Amino acid sequence: MVVENLAAVEQKITEACRRSGRNRDEVTLIAVSKTKPVGMIEEAYAAGARDFGENKPQEIRDKQPQLAEDIRWHMIGHLQRNKIKYIIDKVCMIHSLDSIRLAQAIDEAAGKLGIVMPVLVEVNVAGEESKGGITPEETEQFVREVSVFPHIHVEGLMTIAPFTDDPEENRQYFRKLSKLCVDIKQKNIDNVSMCSLSMGMTGDYEIAIEEGATMVRVGTGIFGERNYPRTEADGRVEE
Ligand SMILES: *Cc1c(COP(=O)(O)O)cnc(C)c1O
């Protein structure tokens with residue numbers, strides 16, 4: 001099932017790229033494997049998937065050693081400072097930077113390893129109270145503050161759009177994030193390379209691609225339903 005689902009998602013990504021005049025290689029598909037067993041990840045890997053996303057540090061810590069070394073792991077969920085140690089040497093990118101305190105802690109952990117961690121700033125474009133992320137208005141200043149940390153490199157922005165039955169409703173938020181990224185890029189801030197745009201999930205990734213996404217995070221569409229409520233699935237259980 002995973003193989004067929006992956007092929008169908010691939011096909012839709014290709015079509016969305018074509019519709020919007022983009023090259024397929026401008027968009028990275030991140031297979032969101034949270035709560036799913038290693039066996040299913042192996043199936044997706046065998047079918048060609050190399051980028052996987054998890055929203056809990058413990059899952060990356062536990063799964064990564066059991067799987068192929070050339071998998072690129074993406075930390076996409078809310079990250080607590082005391083859990084950075086589980087993932088700092090295992091992930092290629094942290095998509096969910098949302099506070100200076102967290103940036104400082106990531107910088108410190110990356111510094112100890114002598115690496116520079118690519119990060120995306122999570123923006124709450126729709127202003128949903130239940131979600132993390134900083135406001136669009138704060139984003140430029142936030143990026144400036146993070147840019148001074150030597151072991152972090154800001155590569156763009158991420159958002160989790162509202163849950164909706166009509167994905168067209170989320171187009172406005174994707175457009176807004178894309179514009180925000182371009183605006184900040186034009187400021188040419190040192191040590192910042194906008195615009196990676198991590199946006200779009202199972203329900204709305206095609207629209208996100210039409211609006212400029214460079215990374216889409218697809219879970220259910222590849223691995224099937226998860227057996228717990230969406231709020232918990234989104235990793236929004238706070239410190
Ligand atoms: C779970 C999750 C996804 C994938 O959600 P689906 O709707 O299953 O595709 C994407 N991004 C984040 C941050 C998630 O927590």
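**View 1. Helix H2 and the elements that cover its buried residues.** In this predicted model, the cover over the buried residues of H2 includes helix H1 (2-19), strand E2 (51-54), helix H3 (57-63), strand E3 (72-75) and helix H9 (220-223). Helices (H or I, at least four residues) and strands (E, at least two) are DSSP runs, numbered from the N terminus. Within H2 (residues 38-46), Val38, Met40, Ile41 and Ala44 are buried. They lie on the same side of H2, because their arc around the axis is only 160 degrees. The arc is that of the directions from the helix axis to the C-beta atoms. Buried means under 20% relative accessible area, exposed over 50%, partly exposed in between (1.4 Å probe, protein chains only). Gly48 follows H2 and has a positive phi, near 115 degrees.

View 2. Most residues other than glycine have a negative phi. Thr35 sits in the loop between strand E1 (28-32) and H2. Thr35 is partly exposed, at 31% relative accessible area. Asn188 belongs to the loop between helix H7 (171-185) and E7. Asn188 is exposed, at 65%.

**View 3. The cis peptide bond between Met194 and Cys195.** Omega is about 15 degrees. Cys195 is part of strand E7 (residues 192-198). Most peptide bonds are trans.

**Notes to all views.** Residues are numbered from 1 along each chain as its sequence is written, and side-chain values use heavy atoms, without hydrogens or water.

Definitions and conventions. Predicted model: local features only at pLDDT ≥ 70, side-chain atom pairs only at ≥ 80, totals over all residues. Contact = heavy atoms within 4.5 Å.
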